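User: I am new to this structure and would like to learn how to read it. Please take me through its features one by one.

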Amino acid sequence: YQPDRLVKFRNVNITRGDAFEDLSPANFFDWKRLTRSYSGMAAWSNVSLSLTGSGEPQRIAGATVTADLFPLVGARPLIGRGFAAGEDRYGQPGTVLLSYGLWMATFGGDREIIGKQIVLEGEKCTVIGVMPADFYFPARETRLWTNARWEPGTFAERDNTFIYGIGRLRNGVTLQQADAEIHTIATSIS
C-alpha cells in the first residue's frame with residue numbers, strides 16, 4: 001500500500017521559534033480542500049474514554065478519526081465495516097471500531113458485538129467493526145477508534161490545535177513539492 005507515500009502533517013508556529021505543534025481542524029480541512037499534491041488526507045486526535053456498562057468501568061486509550069483514515073492507510077476491519085463517508089460530521093450518531101485486544105478482553109471475541117451499542121463517556125455508540133490483531137494506529141496502546149464529529153465552532157479558531165494529519169502523496173509528486181504547496185496554502189489562509 002506504498003507506506004513510503006504517506007506523510008504526517010505538523011504545523012510550524014513561527015512566532016514560537018518554528019516550534020512544531022498539532023494542527024487545528026480549520027487549517028487541516030483547508031489544506032485538504034486546497035491541496036493538489038495529495039490523493040487523500042485524513043486526521044485524528046488521541047483520546048482517553050471511559051467505557052461503562054460492559055463489566056467494570058475502564059479508561060480506554062483511543063483515537064477520534066475522520067472517515068477516510070483507514071482507507072488512506074490501507075486498513076480494513078477483521079469483522080464488520082469501517083467508517084462510512086459522512087459519519088464523521090457533527091450531529092451523526094457515535095460509531096466505534098474496537099481493537100482486537102479490546103474485543104477479546106472485554107467482549108470475549110463475541111462476533112455478535114457488531115451492531116450493538118457500548119457506552120463511551122456516557123454516550124451510546126454502535127460497534128461497527130473490529131480491527132485485525134496486528135493493527136496499531138496511531139500507537140500500540142490505541143484500543144478503539146470513534147468517528148470524529150467535531151463541533152462547527154471547532155473550525156473557527158486556527159490556533160485550536162489538537163489533531164494530527166496524514167496524507168498520501170500523489171504519484172509523481174515529491175515530498176519537497178508537496179511541502180512547498182502546503183506552505184503556500186498555510187501562508188494564504190493565516
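User: Where does Thr 142 lie?

Analyst: Thr 142 is in the loop between strand 9 and strand 10. Helices (H or I, at least four residues) and strands (E, at least two) are DSSP runs, numbered from the N terminus. Before we go on, a note on the source: this is a predicted model, where local features need pLDDT of at least 70, side-chain atom pairs count only at pLDDT 80 or more, and totals for chains, interfaces and linings use all residues. Residues are numbered from 1 along each chain as its sequence is written, and side-chain values use heavy atoms, with hydrogens and water left out.

User: Is Thr 142 buried or exposed?

Analyst: Buried means under 20% relative accessible area, exposed over 50%, partly exposed in between (1.4 Å probe, protein chains only). Thr 142 has 7% relative accessibility, so it counts as buried.

User: Which residues does Thr 142 touch?

Analyst: A contact means heavy atoms within 4.5 Å. Residues up to four places away in sequence are not counted here. Thr 142 then touches Ala 61, Gly 62, Ala 63, Ser 99 and Phe 137. Tyr 90 is 52 residues from Thr 142 along the chain, and their C-alpha atoms are separated by 23 Å.

User: What surrounds Thr 146, and where does it lie?

Analyst: Thr 146 belongs to strand 10, residues 144-147. Its relative accessible area is 10%, so Thr 146 is buried. Its contacts, leaving aside neighbours within four places in sequence, include Leu 49, Ala 63, Thr 64 and Val 65. Phe 83, Thr 95, Val 96 and Leu 120 are also among them.

User: How do I read strand pairing, and which strands pair with strand 9?

Analyst: Two strands pair if DSSP finds at least two bridges between them. Take strand 6 (residues 79-80) and strand 9 (residues 123-130): they run antiparallel, joined by 2 bridges. Ile 79 has Val 130 as its bridge partner there. Strand 7, residues 94-98, pairs with strand 9 in the parallel sense over 5 bridges. Val 96 is partnered with Val 127. Strand 8, residues 117-120, runs antiparallel to strand 9, with 4 bridges. Gln 117 faces Thr 126 in that pair.

User: What is found in the hairpin of strand 8 and strand 9?

Analyst: That hairpin has 2 residues between the strands. Glu 121 takes a positive phi near 55 degrees.

User: Which strands pair with strand 4?

Analyst: Strand 11 (residues 164-169) pairs with strand 4 in the antiparallel sense over 6 bridges. Tyr 38 stands opposite Leu 169 in that pair. Strand 5 (residues 58-65) is antiparallel to strand 4 too, with 8 bridges. Ser 50 has Arg 59 as its bridge partner in strand 5. Strand 8 pairs with strand 4 in the antiparallel sense over 2 bridges, and Thr 52 is opposite Val 119 there.

User: How many residues separate strand 4 and strand 5 in their hairpin?

Analyst: There are 5 residues between them. Gly 53 in the turn has a positive phi of about 85 degrees.

User: Which residues are in contact with Met 41?

Analyst: Met 41 is found in strand 4, residues 38-52. Its relative accessible area is 2%, so Met 41 is buried. Leaving aside neighbours within four places in sequence, its contacts include Phe 9, Phe 28, Trp 31, Leu 72 and Ile 166. Met 41 and Ile 166 are 125 residues apart in sequence, yet 5.6 Å apart in space, C-alpha to C-alpha.

User: How many helices and strands does the whole chain have, and what is its radius of gyration?

Analyst: The protein chain has 4 helices and 11 strands. The radius of gyration is taken over C-alpha atoms, and the globule rule is 2.2 Å times the number of residues to the power 0.38. For 190 residues, a compact globule would have a value near 16 Å; the protein chain has 17 Å, which agrees. Its C-alpha atoms fill a box of roughly 50 × 35 × 30 Å along the principal axes.

User: What share of the residues is buried?

Analyst: Of the 190 residues, 46% count as buried. Among contacts with a separation of 6 or more, 72% come from residues 24 or more positions apart.
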